[in-house]
Amino acid sequence: MTVIGFVGFVLFIALVIFIRLKKPKWKGKYSEKLVNVKLLELPKEYTVFNNLLFERNGRSSQIDHIVISPYGVFVVETKGYKGWILGGEYSEKWTQVIYKSKCQFYNPIRQNEGHVRFLRNLLKTSFEIPFIPVVVFNNEAKLKIRIEDHIVVNRRDLKRVIKRYKTVALNSKQISWIVQTIQKNSAVANREGLKRHKSNVKRRKYQTEHDIRQGICPQCGGQLVLRRGKYSSFYGCANYPKCKFTTNR
């Protein structure tokens, strides 16, 4: 092999590795764009924000989509997974199955609950704001999950689920305040902001793991107690049902 041929081979391998590393991120961004298109089909009474980064008191939260309406604030987490999606509502991990290939990922319901907690703290006010968390998967995903208290849908059902809420809970003045507060405290997620966000996530993950090892609920500070479920044992927060955190430790 000539020197030029060897250099070309090395560059080809480097390109393949680069694409494999970036492919999940590209899929996620493409899925977010498709969800954004779906959200833009909503009537004018819905205000849509996409790809926002919040930083507050040393904490950060990157939220895919926020929809403000007279019927509540929808917090939408987008996942670009295909294949079979298996998992429990309060389990720590979910599983993607494509043929015989399996991979686990963090429960997006838990992830989105963190976003909602952040927004509740940011939007503290004298009036009550209904928050509706929604997890959205690609249309190609087969959702084989056990859900009772949360919303997990394919993209094609997103608009229908949002428009299902018809009870007016916020007036125009309240909606305006929410929109202005979000605009004032957020920015479109750029490379530098996401770098800081990833650092914050790693720090929080370390703190969460430390709390769990100490038998402390990382969400509310309660004690973790051993419980026996239908299929296996797990640790749950002693403050259940107010706090529904669970872990296998």
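Biologist: Which residues is Glu89 in contact with, leaving aside its neighbours within four places in sequence?

Modeller: A contact means heavy atoms within 4.5 Å. Here Glu89 touches Asn107, Ile109, Arg146, Ile147, Glu148, Asp149 and His150. Keep in mind that this is a predicted model, where local features need pLDDT of at least 70, side-chain atom pairs count only at pLDDT 80 or more, and totals for chains, interfaces and linings use all residues. Residues are numbered from 1 along each chain as its sequence is written, and side-chain values use heavy atoms, with hydrogens and water left out.

Biologist: Is Glu89 buried or exposed?

Modeller: Buried means under 20% relative accessible area, exposed over 50%, and partly exposed in between, with a 1.4 Å probe and protein chains only. Glu89 counts as buried because its relative accessibility is 7%.

Biologist: With which side chain does the side chain of Glu89 make a polar contact?

Modeller: A polar contact is a pair of N or O atoms within 3.5 Å; within protein, one must be able to donate a hydrogen and the other to accept it, and residues adjacent in sequence count only if both atoms are side-chain atoms. The partner is the side chain of His150, at 2.7 Å. A polar atom of the Glu89 side chain also lies 2.6 Å from the backbone nitrogen of Asp149.

Biologist: Where is the place of Glu89?

Modeller: Strands (E, at least two residues) and helices (H or I, at least four) are DSSP runs, numbered from the N terminus. Glu89 sits in the loop between strand E4 (83-88) and strand E5 (93-98).
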